[in-house]
Amino acid sequence: MKTDRALFHPDYKPEPYWWEAAKPGTRFSSDLPNTTEIFVVGSGYTGLSAALELARAGRAVAVVDAQAFGEAASSRSGGGVSAGVNLGKGISGGPGQGVQAEALLAESHAAYDHVVALIEHEQIDCHLEQRGRFIGANAPGHFPGLVKKADMLNRVLDVGAEVVTRKDQRSEIGSDFYHGGIAIKRAAKLHPALYHKGLLETCHAAGVRLTAHCEVTGIEGRAGAFVVKTAQGDCRAEQVIIATNGYTGGLTPQLRKRLVPISSQIIVTEELPEDLSLELIPKGRTISESARITSYYRLTPGDRRVMYGGRARFHPVDADVSAGLLHGMMTARWPQLKDARITHSWSGFVAMTTDSLPHIGLEKGMHYAAGCNGSGVAMMTYLGHQVARRILADGLSDSGFAGIDFPPVPVPLYRGNPWFLPIIGGYYRLRDKWERGRG
Ligand SMILES: Cc1cc2nc3c(=O)[nH]c(=O)nc-3n(C[C@H](O)[C@H](O)[C@H](O)COP(=O)(O)OP(=O)(O)OC[C@H]3O[C@@H](n4cnc5c(N)ncnc54)[C@H](O)[C@@H]3O)c2cc1C
């Protein structure tokens, strides 16, 4: 499939827009130590957040990554920061769901507070803007569900959710695509790569030992006496944290069986006239949707470009191809952007779970946090911190995410290759279309 070249700006790059401000690299990288107290696999938000807490508690910590620091999801995301609104699709907080659901929701609220406080405390300059989120109803039949969701979120979490009817919708978004929606005040957006850069610098200053381009190929031993095998040699460690999320591979086969890596794709437009971007999202909120296959979008810092993300395809696809598909989805919502050219297009992997919840736990004596389900800026930062707290508390955790079952993907012989996604994705797309068409 060929994308019309007229859609691309002459400066087009098939890589994240965020890398213009902070390209993942090897700054602070040093040789692998022979020994450490805690060894962290993965240098995204999860790994760095865990490492920071442990280093501040006086522990010797080494973080290694197979790629440049933060080159995976943590510098590729949409940068939306939410407080529970995306938690487990099955969690309604309604009667019958019990205290556990409410406790998990409350913790995702705490995750929001945690990331905001961390950014403020460490003075990380990452364009954090607490301007709220609008969730549009893709079909008329979705609107009552969103109204119920707003009620629940206000009751359990006090997020300042308000119902927006279709008549009033243009105060939130310059589009008639949605059938009303809800606006949530307690939500934010940030620059994901600058946030990662700030975390990396903070970790370095706290004494975390960092090694880039060093794939971990095997882990032997048990808690208290691990030997970590890497491309740069072995390292002895008392504890290991697996923070590999959507990039989890054969290193941890049991974890891989429980995660479904899904590619998510994003484009960014050229600079738009100021009055046009103000018309598109007057209050500068992040936008998401009620459909099964959702898009997520926002203005970039400075409010002059649109960043539009979604699932153009359910398998990894060339950035030029996803650019064309996403442009089509964007102009279905905003026909006024038909001439807006694309400057950047990229993708990255998120890790889905069968219960749509993130998890922390122990596997063969190793700690892990995984399963962001596409919403990990706040949550994975928080869960990294929770894993560190657990190590500092000799294995005890007061996080509800440590106490829930973490079932494997119910597909025989599944080993991390989600061949079934295009089938499920195709079915969801049809359902979304059918529900929208019912009017
Ligand atoms: C396109 C996209 C859009 C997103 N949008 C949003 C959003 O708007 N809001 C939101 O909240 N979340 C969003 N997310 C999710 C969010 O980015 C992730 O939840 C978060 O970055 C996960 O952080 P992490 O540290 O767990 O994983 P990652 O940042 O993916 O880091 C995992 C690291 O593990 C390393 N690794 C794996 N195996 C090994 C090994 N054997 N040896 C050494 N290193 C290894 C990888 O190289 C990688 O760097 C998005 C994600 C993507 C991809």
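User: Which residue of strand 14 stands opposite G136?
Analyst: This is a predicted model, in which local features need pLDDT of at least 70, side-chain atom pairs count only at pLDDT 80 or more, and totals for chains, interfaces and linings use all residues. Residues are numbered from 1 along each chain as its sequence is written, and side-chain values use heavy atoms, with hydrogens and water left out. Elements are DSSP runs numbered from the N terminus: helices are H or I with at least four residues, strands are E with at least two. In strand 14, the residue opposite G136 is E289.

User: In which sense, parallel or antiparallel, do strand 5 and strand 14 pair?
Analyst: Two strands pair if DSSP finds at least two bridges between them. Strand 5 (residues 133–136) and strand 14 share four bridges, and the bridge partner of I135 in strand 14 is S288. The sense of this pairing is parallel.

User: Which residue of strand 7 stands opposite G136?
Analyst: Strand 5 is joined by four bridges to strand 7 (residues 181–184), and these two run antiparallel. In strand 7, the residue opposite G136 is G181.

User: Are the residues on the two faces of strand 14 buried or exposed?
Analyst: Buried means under 20% relative accessible area, exposed over 50%, and partly exposed in between, with a 1.4 Å probe and protein chains only. In strand 14 (residues 286–289), T286 and S288 lie on one side, I287 and E289 on the other. In strand 5, R133 and I135 point one way and F134 and G136 the other, and all are buried. The residues on both faces of strand 14 are likewise buried.

User: Why does R305 count as buried?
Analyst: R305 sits in the loop between strand 15 (296–299) and strand 16 (306–310). It counts as buried because its relative accessibility is 17%.

User: Which side chain makes a polar contact with the side chain of R305?
Analyst: A polar contact is a pair of N or O atoms within 3.5 Å; within protein, one must be able to donate a hydrogen and the other to accept it, and residues adjacent in sequence count only if both atoms are side-chain atoms. The R305 side chain reaches the backbone oxygen of T269 at 3.2 Å. A side chain also meets that of R305, at 3.1 Å, and belongs to T343.

User: How much of the ligand's accessible area does the protein cover?
Analyst: A polar side-chain atom of T46 is 2.6 Å from an oxygen atom of the ligand, and a polar backbone atom of G80 is 2.8 Å from a nitrogen atom of the ligand. On its own the ligand has 1000 Å² of accessible area, by the Shrake-Rupley method with a 1.4 Å probe.

User: Which element gives the most residues to the shell around the ligand?
Analyst: The shell residues divide into 17 nonpolar, 16 polar and three charged. With three residues, the element that gives the most is strand 17.

Methods
Nonpolar A, V, L, I, M, F, W, Y, C, P; charged D, E, K, R; others polar.
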